[in-house]
Amino acid sequence: MDLGIAGKWALVCAASKGLGKGCATALAAEGVHVVITARGAEALEATASELRARFPAVQVRTVAGDITTEAGRAAALAACPQVDILVNNAGGPPAGDFRDWSRETWIAALEANMLTPIELIKATVDAMAERSFGRIVNITSAAVRMPYDGLGLSNGARAGLTGFVAGLARQPRLASRNVTINNLLPGPFDTERLRSNTAANADRAGRSFEEAWASRREANPTRRYGHPDEFGAMCAFLCSAHAGYVTAQNVLMDGGAFPGTM
């Protein structure tokens, strides 16, 4: 299927690895020019080199920096001629007990996983409406549907973003102008972050990483972990010309792990 977005420009945050990289790769495969950001310059440039080699007709620009800062956002936006597609993404906050979290800890989580996406939406959404095309995908978490024990910072910040998007995406001045805003909710995907979290949890429980990794895999109905390329493909479809009637949705990708009807 031709997704009808070749030649568009996308800003993809935290795209050097994992799910962000999966999204950038899928968009580039559709002929979308991409500006990719990440804090680590070395990994970012490696990903950019890979994308340029695989998709020579596509422009790939890099911005190394912290997207959760005003300066980082300004640099990313300046590198993108126009933002037709915005993929918001940032690393999740640490696990722990809410009794140990200071106000500053909460502010940092909100800054990364709620306020930064809102700032980037604010900077781009009106121009999208003027051009009668815009696609915004926020990478959040399955925790929005089923909060995880110990991940209160993520549960709270991402739920806040979800509530904000639910109202904004339905505004006729955006929806009627072919501007959509959706959230992608990943469950267990095989990423460095999931492996590091699994290793930390296994260590606290006195288990080996291999045992903990296999146990979580087998607990999923699919008996496997998701692959970032699968996630990227869903992101690309939500960004496509065919998805103009899909907005204000929370698309759960968790292999059927959520035990609910809806």
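Tutor: Gladly! Keep in mind that this is a predicted model. Let's begin with two strands: S2 (residues 33–38) and S3 run parallel and are joined by 5 bridges.

Student: What holds strands of a sheet together in general?

Tutor: Strands of a sheet pair through backbone hydrogen bonds, and the pairing can be parallel or antiparallel.

Student: In what order do the strands of the open sheet lie?

Tutor: The open sheet has 7 strands in the order S3-S2-S1-S4-S5-S6-S7, with parallel pairing. At the edges you find strand S3 (60–64) and strand S7 (250–253), each of which pairs on one side only. Neighbouring strands of this sheet are turned by 15° against each other on average, direction ignored.

Student: Which helices pack on these strands?

Tutor: Let's take two of them. Helix H1 (residues 18–29) lies across strand S1 (9–12), S2, strand S4 (85–88), strand S5 (134–139) and S6, and it runs at about 170° to S1. Helix H3 (residues 70–79) also packs on the sheet, where it touches S1, S2 and S3, and its direction makes about 165° with that of S3.

Student: How should I read the two faces of a strand?

Tutor: Here is the general idea: in a regular strand the side chains alternate between the two faces of the sheet. Now try S5, where 6 of its 6 residues are buried. One side carries Gly134, Ile136 and Asn138, the other carries Arg135, Val137 and Ile139, and both faces are covered. S5 pairs with S4 in the parallel sense over 4 bridges, and isoleucine 136 in S5 is the bridge partner of leucine 86.

Student: Which residues form the covered face of S7, and which the uncovered one?

Tutor: In S7, Val251 and Met253 make up the covered face, whereas Asn250 and Leu252 make up the uncovered one. S7 runs parallel to S6, and 4 bridges join the two.

Student: Where does glycine 187 lie, and what does it touch?

Tutor: Glycine 187 lies in the loop between S6 and H7. With a relative accessible area of 17%, glycine 187 is buried, because buried means under 20%. Leaving aside residues up to four places away in sequence, glycine 187 touches Ala142, Tyr148, Met253 and Asp254.

Student: Let's turn to the rings. How many aromatic pairs are there?

Tutor: The structure holds 4 aromatic pairs. In one of them, the rings of phenylalanine 189 and phenylalanine 231 have centres 5.4 Å apart and planes at 80°, so this pair is edge-to-face. The pair links distant parts of the chain, 42 residues apart: phenylalanine 189 is in the loop between strand S6 (179–186) and helix H7 (192–205), and phenylalanine 231 is in helix H9 (residues 228–238). Both of these phenylalanines are buried.

Student: Are the rings of phenylalanine 209 and tryptophan 213 stacked or edge-to-face?

Tutor: Look at the angle: their planes are at 25° and their centres 5.5 Å apart, so the pair is stacked. Phenylalanine 209 and tryptophan 213 are 4 residues apart in helix H8 (residues 209–219), so about one helical turn separates them. Phenylalanine 209 counts as partly exposed at 23% relative accessibility, whereas tryptophan 213 is buried at 8%. Ring pairs also bring in Tyr225, linking Phe209, Trp213 and Tyr225 into a cluster.

Student: Which charged groups lie over a ring?

Tutor: Here are two to find. The charged end of arginine 195 sits over the ring of tryptophan 213, 4.3 Å from its centre. Lysine 8 lies over the face of phenylalanine 133, at 4.3 Å from the ring centre.

Student: How many disulfides does the structure hold, and why?

Tutor: There are 0 disulfides. Take cysteine 23: its sulfur is 3.5 Å from the closest cysteine sulfur, in cysteine 235, which is too far for a bond because a disulfide needs sulfur atoms within 2.5 Å. For cysteine 13, the closest cysteine sulfur is in cysteine 80, 10 Å away and too far for a bond. Both cysteines are buried: cysteine 23 has a relative accessible area of 0%, and cysteine 13 has 1%.

Methods
Residues are numbered from 1 along each chain as its sequence is written. This is a predicted model: local features need pLDDT of at least 70, side-chain atom pairs count only at pLDDT 80 or more; totals for chains, interfaces and linings use all residues. Side-chain values use heavy atoms; hydrogens and water are left out. Rings of Phe, Tyr and Trp (its six-membered ring) pair if their centres lie within 6.5 Å; planes under 30 degrees apart count as stacked, over 60 as edge-to-face and the rest as tilted. Buried means under 20% relative accessible area, exposed over 50%, partly exposed in between (1.4 Å probe, protein chains only). A charge sits over a ring if NZ of Lys or CZ of Arg is within 6 Å of the ring centre and within 35 degrees of the ring normal. Two strands pair if DSSP finds at least two bridges between them. Axes are lines fitted to C-alpha atoms, for helices over the stretch in contact, and angles run from 0 to 180 degrees between N-to-C directions. Contact means heavy atoms within 4.5 Å.
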